[in-house]
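Please consult the sequence and the model shown below while reading.

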Amino acid sequence: MGLVIDYKKVEIERAERTVLHDVTFQVEEGEFCYLVGRVGSGKSSLMKTMYAEVPVNEGERAEVLGFDLLNIRQKKVPYLRRSMGIVFQDFQLLQDRSGMANLRFVLEATGWKSKAAIEDRIQEVLKAVGMENKGYKMPHELSGGEQQRIVIARALLNSPKLILADEPTGNLDPTTGYQIMSLLHKLAEKGTAVVMATHNMQMVEDFPARVLRCTDKKLV
């Protein structure tokens, strides 16, 4: 198993204020990790460092998918983000096109050229999230849970070794949230590491996995 995240003694700052201090942890391929903590405890900031939204200024080591975040150049950031899947709480789908067209847009933007390969990949990821019969619908025609499935399909397009999910069930009813959790855990079983920020401790109990907690400016 390879490491997808490797942090050692990392300091995370926002607006010149230390948010998390001495962060050391590793995540392996196929591992599922929860990131928990109170609002303002630093879990979102930590997750944002993983896709270089928040810079890592100090630390002995900060690597994600082989990218050195301590020395990453701005022009390399899109390549880092393309090599992972990111699932947000608020979906962030393009509202003027269907689910399938959202997926097609990402593949074309990330350099896929063959129309046949693009269509095949879209069908594969839609099937993986149980949306093969609804990809033609516009986002506003889909329920919140269905939109989140399209978002997860989008995250899977380039076969990432890591998915970052920031409160992916936050806007969903409990039943739908459980379906999304089940889906994310199945992806981990197939070898994709998943790091999920959540404040839903019931979900953590019902779907047990490793828990990383942000508390008192530390990760424990």
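**Pockets and a central strand**

The second largest pocket has a volume of about 160 Å³, a volume being the space filled by probe spheres set on grid points joined across faces, edges and corners. A pocket is an open set of points on a 1 Å grid over the protein atoms alone, where a 1.4 Å probe fits, with protein on both sides within 12 Å along at least five of seven lines; lining residues have an atom within 4 Å of a point. The model is predicted: local features need pLDDT of at least 70, side-chain atom pairs count only at pLDDT 80 or more, and totals for chains, interfaces and linings use all residues. Residues are numbered from 1 along each chain as its sequence is written, and side-chain values use heavy atoms, with hydrogens and water left out.

**Second largest pocket**

- Its lining comprises 15 residues, and Val39, Gly40, Ser41, Gly42 and Ser44 lie nearest the centre.
- Two or more lining residues come from each of β2 (17-28) and α1 (43-50); helices (H or I, at least four residues) and strands (E, at least two) are DSSP runs, numbered from the N terminus.
- The most, three residues, is given by α1.
- This lining divides into three nonpolar, six polar and six charged residues, where Ala, Val, Leu, Ile, Met, Phe, Trp, Tyr, Cys and Pro count as nonpolar, Asp, Glu, Lys and Arg as charged, and the others, Gly among them, as polar.

**Largest pocket**

- The volume of the largest pocket is about 550 Å³.
- Of the 20 residues that line the largest pocket, Arg81, Ile86, Phe88, Val106 and Arg154 lie nearest its centre.
- At least two lining residues are supplied by each of α2 (77-82), β6, α3 (99-109) and α5 (144-156), and the largest share, four residues, comes from α3.
- The lining of the largest pocket holds 11 nonpolar, five polar and four charged residues.

- Strand β7 (residues 162-166) is largely enclosed by the rest of the structure, because five of its five residues are buried (under 20% relative accessible area, with a 1.4 Å probe and protein chains only).
- Leu162, Leu164 and Asp166 point one way from β7, while Ile163 and Ala165 point the other way.
- Three bridges pair β7 with strand β6 (residues 85-87) in the parallel sense, pairing requiring at least two DSSP bridges between two strands.
- Within this pair, isoleucine 86 stands opposite leucine 164.
- Strand β8 (residues 193-197) runs parallel to β7 and is joined to it by five bridges; here leucine 164 stands opposite valine 195.

How values were computed:
Buried means under 20% relative accessible area, exposed over 50%, partly exposed in between (1.4 Å probe, protein chains only).
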